[in-house]
Amino acid sequence: MNYRYGQYNDGPDPLAPPYDVRAALDEMGDAILSGSTPLHALRDLLKRGLPGAPDRRGLDDLLREVRRRRNELRESGRLDGTLERARALLDKAIGQERAELFPDPADEARMREAELDALPDDTASAIQALRDYQWRSAAARQTYDELRDLLRREVLDSRFAGMRDALADPDPQAMERVRRMMSALNDMLDRDARGEHTQADYDRFMEEFGDMFPERPRNLEELVDTLARRAAAAQRMLASMTPQQREELAALISQTLESAGLAEEMRRLGDALYARRPDLPWNTPERFSGEDPMGMGDAVSALTELADLSRLEAALRQDYPGARLDDIDEAAIRRALGRSAVDDLAALRRIERELEQQGYLRRQRGKLELTPKAVRRLGETALRRVFSSLDAGRRGDHDQRDAGAAGEPTGSSRAWHFGDEQPLDVVRTVVNGVRRGGGSPVRLTVDDFEVTETERRSAAAVCLLVDLSYSMALRGTWAAAKQTALALQALVASKFPQDAVQIVGFSNYARVLQPDELAGLEWDMVQGTNLHHALLIAGRHLDRHPDFEPVVLVVTDGEPTAHLRRNGRYAFEWPPSAETLELTLAEVDKMTRRRATLNVFMLAADERLKEFVDEVARRNGGRVFSASADRLGEYVVSDFLRSRRARR
């Protein structure tokens, strides 16, 4: 057999590797860790386009193309081209007739001239008045026939795309076939309304009249959609004209359909199409600014495309509740922007679908949420950010590398370095040799060896107390606090799995935050910074782990302004009441008796806050950090690692 090879042009490369959705999740993570919700982060990703795929357009790129095309159409011409052409042909016919009558001295010629002088000013009425006029001039009669043919073709082309070319030959049989087509079409729509229509009926109809429908719709629904969009555009064309133009053109259309014997069938069709598609913009005017006159068929085609582009623009914006990429009409994308845009949309849909199918996103009661799997990945991303900002000399020193075989394995391994005493990780060492292509038997090199990481430290009970009050959002520190919580959660889960970590959020009340809700967490629009309640919850966590080393970290931007009453309700007062401060400091003293060092990370420089945290440090012996939002994660993680090293 003979084969020929060439460039593949029929869509995306079928041999291209599958897209890595983890990169898409990391892109979303940047927005989520900055305070965005998963839904808005996904929308922003789809609008920008796919990371690592510069040849693929995002929704914003497609939206710009749609708007550019809309501007082109609006500047393409004027809507009164048919009126202008009809007026020109009418004036030409009358001029030719006058030229024929002028040399004739007979009274009949003068009477004919008087009849021409008495013609109405508007084009439609003048054409109607000349319908039974007996032309003296053969040239004038030919021009008048040309005018009527023009109107017939333009009127039908405004309702059936391509009909103008089908009627270019003024054969009476052609018009008779149009009448039979419209009668059969209306009968088919009536049967469908009664539930009696079948696909076989449609196939027979298209077998006889399919050449009149260049779009080649596959079924009745597609045919109705095509005809309804065009009928609505014809109505919009009239609505976009001046009142005088609209009146003249409507009269011309009515006369033309009456003379062609199509008025009743066109009325039936129009009523049926409107009943089926009332959602279309039937009477919405459109502004055109071009100079070139357009015929009715071209004007309706332009308005049909504009209506498609308007709907497409609304779908591409994705700014309405419950918006999905499935809402975007692929056929409309293909008509407006071509096959490449369809491929771009398919790539975006694949990302949205894969994020859900691979377990990173889920929809709960119509709300888009991150799964625990996605939160773990975002926590790792946040942790990488933190460590990337640490000094090179401190990077990675959060683990004991020379603990020897006496230490507890961490579950991870690393490359062997000269002087290491940790036990070899045999499995990973052999796998490295096989991957390198060490042959059979496997030949190992120094670079293949990995050792098991061990540590000699006791477990810790870690409490991170994060301020959720509205002031955190106002000061722009909320996103940094959330990123810090995710990073600490990821650090403990990956490097200190024996530790018991608890993250507590507090505003007017305090509550324990589960790992899978951290990424989508939002601030509380309430008054109150109830550190008293947060310390109570943290104390219970430490008491449940009496043999663990206690680690307590507090992130806040304000002094306590609320406390928990005996009845379980909170009390708020600003400036802080003496009772609030007294109860909060009492919990600080309890932390001191538990031997828990309480380190506070201030995100504001208020004098009252400084006085409070200084008192906390004096009572507890902990440290106070005045951290900027962009370095909060680095401060918290570094302090946690320092405390873990100090307690080995």
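Which residue lies over the face of Tyr-360, and how far is it from the ring centre? The first legend gives the answer. Every view comes from a predicted model.

**View 1. A lysine over a tyrosine ring.** Lys-373 sits over the face of Tyr-360. Its distance from the ring centre is 4.6 Å.

**View 2. Trp-135 and Tyr-144 form a tilted aromatic pair.** A pair of aromatic rings is described by the distance of the centres and the angle of the planes. Seven aromatic pairs occur in the structure. In the pair of Trp-135 and Tyr-144, the centres are 5.3 Å apart and the planes are at 40 degrees. That angle falls between the limits of 30 and 60 degrees, so the pair counts as tilted. Trp-135 is buried, at 8% relative accessible area. Tyr-144 is buried too, at 3%.

**View 3. Phenylalanine rings join into a cluster.** Phe-205 and Phe-209 make a tilted aromatic pair, 5.4 Å centre to centre with 50 degrees between the planes. Both residues belong to helix α10 (residues 199–209). They are four residues apart there, which means a separation of about one helical turn. An α-helix has 3.6 residues a turn, so residues three or four places apart point the same way. Phe-205 and Phe-209 are both buried.

**View 4. Helix α3 has buried residues along one face.** The helix covers residues 59–74, 16 residues in total. From first C-alpha to last it reaches 22 Å, close to the 22 Å expected at 1.5 Å a residue. Its buried residues are Leu-59, Leu-62, Leu-63, Val-66, Arg-70 and Leu-73. Down the axis of α3, these residues fall within an arc of 100 degrees, so they line one face of the helix. Their cover includes α2 (38–48), α14 (296–317), α15 (330–337) and α16 (339–357).

View 5. Pro-575 is in the loop between β10 (570–572) and α22 (578–593). Most residues other than glycine have a negative phi, and most peptide bonds are trans.

**View 6. Arg-216 and Arg-595 have positive phi.** Arg-216 has a phi of about 50 degrees, although it is not a glycine. Its place is the loop between α10 and α11 (220–239). Arg-216 is partly exposed, with 47% relative accessibility. Arg-595 is not a glycine either, and its phi is about 65 degrees. This residue lies in the loop between α22 and β11 (597–602). Arg-595 is exposed, at 71% relative accessible area.

**View 7. Asp-448 is a buried loop residue.** The loop runs between α18 (426–436) and β4 (450–455). With 3% relative accessibility, Asp-448 is under the 20% limit and therefore counts as buried. Leaving aside residues up to four places away in sequence, Asp-448 touches Arg-428, Thr-429, Asn-432, Gly-433, Arg-436 and Arg-443.

**View 8. Arg-78 and Glu-84 meet in a salt bridge.** The whole structure holds 49 salt bridges. In this one, the N to O distance is 2.3 Å. Arg-78 is partly exposed, with a relative accessible area of 24%. Glu-84 is partly exposed as well, at 40%.

**View 9. A salt bridge links Arg-236 and Glu-286.** The closest N and O atoms are 2.7 Å apart. Arg-236 belongs to helix α11, and Glu-286 to the loop between α13 (263–276) and α14. The pair therefore ties together parts that are 50 residues apart in sequence. Arg-236 and Glu-286 are both buried.

**View 10. Arg-277 and Asp-279 belong to a salt-bridge network.** Their side chains meet in a salt bridge of 3.0 Å, N to O. Arg-277 is buried, at 17% relative accessibility, whereas Asp-279 is exposed, at 54%. The network also includes Asp-225, Arg-229, Asp-308, Arg-311 and Arg-335.

Methods. Residues are numbered from 1 along each chain as its sequence is written. This is a predicted model: local features need pLDDT of at least 70, side-chain atom pairs count only at pLDDT 80 or more; totals for chains, interfaces and linings use all residues. Side-chain values use heavy atoms; hydrogens and water are left out. Rings of Phe, Tyr and Trp (its six-membered ring) pair if their centres lie within 6.5 Å; planes under 30 degrees apart count as stacked, over 60 as edge-to-face and the rest as tilted. Buried means under 20% relative accessible area, exposed over 50%, partly exposed in between (1.4 Å probe, protein chains only). Helices (H or I, at least four residues) and strands (E, at least two) are DSSP runs, numbered from the N terminus. A charge sits over a ring if NZ of Lys or CZ of Arg is within 6 Å of the ring centre and within 35 degrees of the ring normal. The expected span of a helix is 1.5 Å times one less than its number of residues. The arc is that of the directions from the helix axis to the C-beta atoms. Contact means heavy atoms within 4.5 Å. A salt bridge is a side-chain nitrogen of Lys or Arg within 4 Å of a carboxyl oxygen of Asp or Glu.
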